[in-house]
Amino acid sequence: MFPCDFAWGAGTAAYQIEGGWQADGKGPSIWDTFCHEKGGRVFGEQDGDVGCNSYELWEQDLECIQWLGLTHYRLSLSWARLLPDGTTRHVNQKGVQYYNKVIDDLLACNVSPMVTLYHFDLPQALQDQGGWKSSDIAAIFDSYAKFCFHTFGDRVKLWITINEPYVCAKLGHEDGIHAPGLKEPGVAAYVVGHNMLRAHAMAWHSYNSFYRTKQDGAVSLAINSDWFEPSTAGCTEDISATERCFAFTLGWFAWPVFVTGDYPEVMRSAIDAQSEKLGFRGSSRLPCFSKDEPAILGTADFFALNYYTSRMVKPGGGSCGKMSMKSDRDAEEVLDPSWPLCGVSWLAVVPHGLRKLLKYIKDTFSNPAVYITENGFSQVGPLQIEDAQRSEYYKETISEVAKATQEDGVNVRGYFAWSLLDNFEWADGFSVRFGLFHVDFGDVKLSRTVYQSGREYAKTIIKYKGGRSR
Ligand code: GAL
């Protein structure tokens, strides 16, 4: 049903689990700053200072990984733990030791690491110099990436440069609900997205030129997308609105990397038209790629997809008269009443949406190898260790992935559940739980307990790998 070398994984991100925010010489990141500046931006004014304390309790995480029988584990490196001021001028050896241990322990247990270089936590020192809005950031990221390839690439064979550039750009620089908390609608997100693509491409080219021959790994960026469908099937306006939704999320990053080296035409024309309507003068709000820089096209060795939910789409939002991504996109997302909501308001549970999205990726991007680098369902409210609903959703989703591989011929190479552990869920703090293991944040030991969904996932892995049952 799944190829025998299929990757069965789970993911985490440094800021969400590690804690140790200033341990052993780590520098501050934008998430440290964002959480410490009080003002109600994070649920309950919580922070990731301690998180799951994976910095000290890594062995417990490893036990969870082994308990589940994972073949792969996706983690992210804290840039500021390795390079406290973000540059290679000063390397924090304690940070290097920590990740060396994590990687070596995983390999000793026959678990392959997939390593993300950037999962939302820019060193604060770099934010102070303009962060992702500054064009200098691409070269600085490239130096950091080279440092990581050089230091860990003998053992790490799957790399993600940047996780969800869409979320960093939009939530961090347009909506202000993620660090660094900027609200500069209609402009900053496009600049940030642009610099992230440049940074990613530079790092991919560095890997390709200097490390690939020796290390033989694969590098991509993790792109998040919902599955979008026209609100009314066959309605021309809804179909074009759906196209714009794809262009402004998946296409924004996948088109330059996999199709043309440039933004989707639909996105370019919508932004240009809207700018004109709003009387915007000057250069385009959507930057252009320079011919003098490394090409963006072809800079992914596989397609890394984060999928959570689906949306029905109709036109709307374009006439609000303000400069914003919403006006540019001019598409309204609506929920199908038959889709159950899972914990948080944005997460409608639509397992079959993943199958459709995988097929869309196969057809649109020339049948790439695909890793589903994130997928999951959250729990809010009273703790339920026996989370039958979430178990069911995992089962259904994985069977949709099986159909995509077998019936639709999508080249899916792996599936990573989000997340190994309950953790700091960004602006939602600890109120939203995505773990396969529950973490008791009220207990100083931060004890980990497997959920029913974790047990189900472990069984699924055994089933498909043809192993023993637990
Ligand atoms: C993604 C993010 C993860 C996790 C997940 C669940 O956007 O990459 O870190 O928070 O959403 O909401």
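Where is Thr71 found? I found Thr71 in the loop between H3 and strand E2 (72–76). Helices here are DSSP runs of H or I with at least four residues, strands are runs of E with at least two, and both are numbered from the N terminus.

Before going on, I noted the ground rules. This is a predicted model, so local features need pLDDT of at least 70 and side-chain atom pairs count only at pLDDT 80 or more, while totals for chains, interfaces and linings use all residues. Residues are numbered from 1 along each chain as its sequence is written, and side-chain values use heavy atoms, with hydrogens and water left out.

**Entry: Thr71**

Is Thr71 buried or exposed? I have Thr71 down as buried, because its relative accessible area is 15%. The cut-offs are under 20% for buried, over 50% for exposed and partly exposed in between, with a 1.4 Å probe and protein chains only. Next I listed the contacts of Thr71, leaving aside its neighbours within four places in sequence: Phe6, Ala7, Trp8, Asn110, Val111, Ser112 and Lys465. Contact means heavy atoms within 4.5 Å. I also checked Thr71 against Ala402, which is 331 residues away along the chain; their C-alpha atoms are separated by 18 Å.

**Entry: salt bridges**

How many salt bridges does the structure hold? I got 28. The rule is a side-chain nitrogen of Lys or Arg within 4 Å of a carboxyl oxygen of Asp or Glu. Side chains of opposite charge can pair when their charged atoms come close.

Lys101 is partly exposed at 38% relative accessible area, and Glu59 is partly exposed at 41%. I then saw that Glu59, Lys101 and Asp105 are linked in a network of salt bridges.

Arg41 and Glu37 make another salt bridge, with 2.7 Å between the closest N and O atoms. I noted Arg41 as partly exposed at 31% relative accessibility and Glu37 as partly exposed at 44%.

Why about one helical turn between Glu392 and Lys395? Because they sit 3 residues apart in helix H14 (residues 388–406). Glu392 is partly exposed at 37% relative accessibility.

**Entry: the whole protein**

I counted up the secondary structure: 15 helices and 13 strands. The C-alpha trace spans about 60 × 50 × 50 Å along its principal axes.

I have 61% of the 470 residues as buried. Among contacts between residues at least 6 apart in sequence, 75% join residues at least 24 apart.
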